[in-house]
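Here are some notes for someone opening this structure for the first time. Have the sequence and the 3D view side by side as you read.

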Amino acid sequence: PLAQFINHRISRQPRFPIQFKEMYRLSSFTYPLCWALFFFSGSQVSNAASIQLNTGKEYAVGPSLEHLVDANASLTIESLLSSPPYFQPPSGEVPSFGFTGDTYWFRVNITTNPSIPESWVLSHRWPATHRMDVFWVEDGQVTQRYTVGNHVPFSERPIPHRFFLSPLSIKPGTSGTLYLRIQSANGVQAPIWISPRSDFFQ
């Protein structure tokens, strides 16, 4: 009968040993997981975005800024340096996150050519920013720090100007990391440039 013939054909099909089937079932789960962990861990340890200062001209910092959301405003520069978290990659020409109560951290590595000037000015050109803390880090240590913003009295700004300016001393031929902490309910934006001080005030 047809049913017996079908059963006979099925019974003659090769069967995987139980152990092989278990290995196949396990590998079908673990291989994608391993690949996901590989790529995720690779992104965790990747170097921060960077800017190379080769000549004495103005450079846009915004396109190279990685960012981190600090929803509870609990992070400090010391905690970031002691246990570096994952920063999101740069988000555009001018990082913009709209009206928010969150605190945002930004980071970028800066390397310099031996022939560049030593005195630079970091300019933040969004006048509605409430507060921005600026940290220049070399060899894991904060060597320069400033606070600017429209909640900082004009007389207390590092450089009196309509923009929010921070002076940076960067030795030619060296490198460091710039960290920025921005709080502003009027919109978190980072239209930021770095310029030789002599050129900025011409």
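Predicted model: local features only at pLDDT ≥ 70, side-chain atom pairs only at ≥ 80, totals over all residues.

1. The protein chain has 4 helices and 10 strands.

2. The exposed surface comes to about 11900 Å², with carbon and sulfur atoms supplying 57% of it. If you take the contacts between residues at least 6 apart in sequence, 77% of them join residues at least 24 apart.

3. Next, have a look at the open sheet of 4 strands. Its order is S2-S10-S5-S8, and the pairing is antiparallel. Strand S2 (59-60) and S8 each have a single partner strand and stand at the edges, so one side of each has no neighbour in the sheet. As a reminder, strands of a sheet pair through backbone hydrogen bonds, either parallel or antiparallel.

4. To find the spot on screen, look for Tyr59, whose bridge partner in S10 is Ile194.

5. Moving on to S5 and S10, you'll find an antiparallel pair with 5 bridges. Here His124 has Ile192 of S10 as its bridge partner.

6. On to S5 and S8: this antiparallel pair is joined by 6 bridges.

7. How many residues of strand S5 (residues 119-124) are buried? The count is 5 of its 6, so to speak a mostly covered strand.

8. You'll find Arg157 in the loop between strand S7 (141-148) and strand S8 (164-169). Is Arg157 buried or exposed? It is buried, yet Arg157 has no salt bridge. The nearest side chain of opposite charge belongs to Glu156, 9.1 Å away, whereas a salt bridge would need the charged atoms within 4 Å.

9. What does Arg157 touch, leaving out residues up to four places away in sequence? The list is Gly149, Asn150, Val152, Arg162, Phe163 and Phe164.

Technical notes: Residues numbered from 1 in each chain as written. Heavy atoms only, no water. Helix = DSSP H or I, 4+ residues; strand = E, 2+ residues; numbered from the N terminus. Contact = heavy atoms within 4.5 Å. Areas by Shrake-Rupley, 256 points an atom, 1.4 Å probe, with all protein chains shown as cover. Buried < 20%, exposed > 50% of the residue type's maximum accessible area, 1.4 Å probe, protein only. Lys, Arg positive; Asp, Glu negative; His and termini not counted. Pairing = 2+ DSSP bridges.
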